[in-house]
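Here's a quick tour of a protein chain, going from one residue out to the whole fold. Have the sequence and the model open as you read.

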Amino acid sequence: MNRGTEGRHSAGGKAAGNVTAGLEISQWKYQPIEAREPQMHAIVTVQVEGTENAGGAGQVLAQVLAVDCSSSMTWPPEKFHAAKQAAVAALSMLPDGTPFAVIRGTESATMIYPANGSMARADARQRAGAESAVHRQEAIGGTCIGAWLDLSRRLLADQDAPIGHLLLLTDGKNQHDERMPLLDVLDVCAGQFVCDAWGIGDGWDGRELLRITSRLHGSASSVKEEAALPREYEMLMDRLLAKTVPELAISVTSMPGATVRYLKQVFPTEVELAPDDAGRDGGTRRFVTRAWGDESRRYQLCLSADPAGRPHREDLQLAVVALDVPGHEDVELPSPQPCLVHWTDDPALSRQSDIQVEHYERHQRLGEAVAAATDAHRRGERDLAERHLGRAVQLAHAIGADQSLARMEQLAEILDAAAGRVRIRSDVAPIDFEHLITATSISTYSPVSASTDGTGTAGPAGATVNCPACQGKAPATARFCPACRHPFGERP
């Protein structure tokens, strides 16, 4: 058996001038016959290439900017100034013809540009008008993020642009949630548009931002230095404008004796995926993902499997995974790929697991440990916070999450990363933990080894390199960074 490739199935090729999609499944197929609640976990990798030659994003994007204008934005003064400059920077990058609007966010949501209640179409005159409207804003009022999301939903619903996007900025907690409860609004907004959210200042809630972006297929981030925000907005818009495939659907068809428990995105960030019940056909569950450019994403698939009445000690097909791109017949799709199971009574086989599955489950535990450390520190339980943060350091060290380790080193002296021994620094503020929550929400692409049992040595398919732009890990054979899309050029 080749341990470096066991359980890895792939399909998808590059055709000159075409948009192509690739599909790969990584799993450990051996499952114990006597398991009480047997489950099969697999990592599904989807890669899209060729979108840069697929036409301008100005024809597929509709953009809303929500700027926090609550009274807490008044101090320090540099904060509100940076927020305005960032909004202007994003507006300046919109291609001509792009529908856009700017929302003033307080305890309510008000459209400050355009003033007629419908979205404008970007051109030099409209961008200048929006810039002037942004600079006229004053910071006064409270915060109800649900209202901001709801107005964005209604604005974007009126557009025919395939990709609707909200860029949201806040500096505070959702103090007026009772006016329009966030969880209820997220239920309505889910699947309607993509939202990226940013925290600035020292009063926002990292888990709240992640709750929003996980439901709305985006990412959460933050800046410690206000002056860095405009440049961050420019880089985000640059990535967004490269996305020309509005949606891609992942279909999982389970065989008799198996059911789909969930499919969730685990790279580059964790995103909740609810099955599209309208498209359900027998044992097929369909999950829609949003806004693709040239990029790779990874998903964790969990299947319930019942060995009763099924053959043992042989490979069986448990499910089939397939891709489709609604409305885009010009995208070259890969062949459907099988997810297998092999029921065994050999514990030496069944005790092992897929290295990629373990990699992303450790990422999830890393986030949980950081959240627990945040709560303990907020309660003043320093020793408990150190234990949880030490566990987070230990996990980050084990999976090679170097960026997360660097962020944690700003909060604590790392005495022994492998053992998880840390000492929290005396000058750490509560907001430092919120920055850490958003930073550790971004996962790494690959485990150190491509071996499915964690004991093999990485071959060419599993080797990784550091991206010179974001320092994240990328496959050694990749043409671009899967996290930030930095091009690598030709390999020697």
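Setting aside neighbours within four places in sequence, L349 is in contact with W28, Y30 and T344, where contact means heavy atoms within 4.5 Å. The C-alpha atoms of L349 and W28 are separated by 9.1 Å, although the two residues are 321 apart along the chain. L349 itself sits in helix α7, residues 347–350. Helices here are DSSP runs of H or I with at least four residues, strands are runs of E with at least two, and both are numbered from the N terminus.

How exposed is L349? It counts as partly exposed because its relative accessible area is 21%; buried means under 20%, exposed over 50%, and partly exposed in between, using a 1.4 Å probe and protein chains only.

## Ground rules

This is a predicted model, so to speak of local features takes a pLDDT of at least 70 and side-chain atom pairs count only at pLDDT 80 or more, while totals for chains, interfaces and linings use all residues. Residues are numbered from 1 along each chain as its sequence is written, and side-chain values use heavy atoms, with hydrogens and water left out.

## The chain as a whole

The chain has eleven helices and 22 strands. Of its 492 residues, 55% count as buried. Take the contacts between residues at least 6 apart in sequence: 73% of them join residues at least 24 apart. The chain exposes about 20800 Å², with carbon and sulfur atoms supplying 47% of that; these areas come from the Shrake-Rupley method with a 1.4 Å probe, and for residues only the protein chains shown count as cover.

Helix α9 (residues 382–399) packs on helix α10 (residues 402–411) at an angle of about 155 degrees, their axes 9 Å apart. Axes are lines fitted to C-alpha atoms, for helices over the stretch in contact, and angles run from 0 to 180 degrees between N-to-C directions. That angle makes α9 roughly antiparallel to α10: the label applies over 145 degrees, with under 35 roughly parallel, 65 to 115 roughly perpendicular and the rest oblique. From α9 come L389, A392, V393, A396 and H397, and from α10 come S404, L405, M408 and L411. By class, this contact has seven nonpolar, two polar and no charged residues. Ala, Val, Leu, Ile, Met, Phe, Trp, Tyr, Cys and Pro count as nonpolar, Asp, Glu, Lys and Arg as charged, and the others, Gly among them, as polar.

Next up is α10 with helix α11 (residues 430–439), at an angle of about 175 degrees and with axes 10 Å apart. Here too the angle makes α10 roughly antiparallel to α11. S404, R407, M408 and L411 of α10 meet D432, F433, H435, L436 and A439 of α11. This contact has five nonpolar, two polar and two charged residues.

Most residues other than glycine have a negative phi, and most peptide bonds are trans. A cis bond joins W75 and P76, with omega about -10 degrees, and P76 is in the loop between β5 (61–68) and α1 (77–92). Another cis bond runs from Y113 to P114, with omega near -10 degrees; P114 is in the loop between β7 (109–113) and β8 (120–121).

H217 has a positive phi, near 60 degrees. A291 also has a positive phi, near 55 degrees, and lies in strand β14, residues 284–292. A291 counts as buried because its relative accessible area is 4%.
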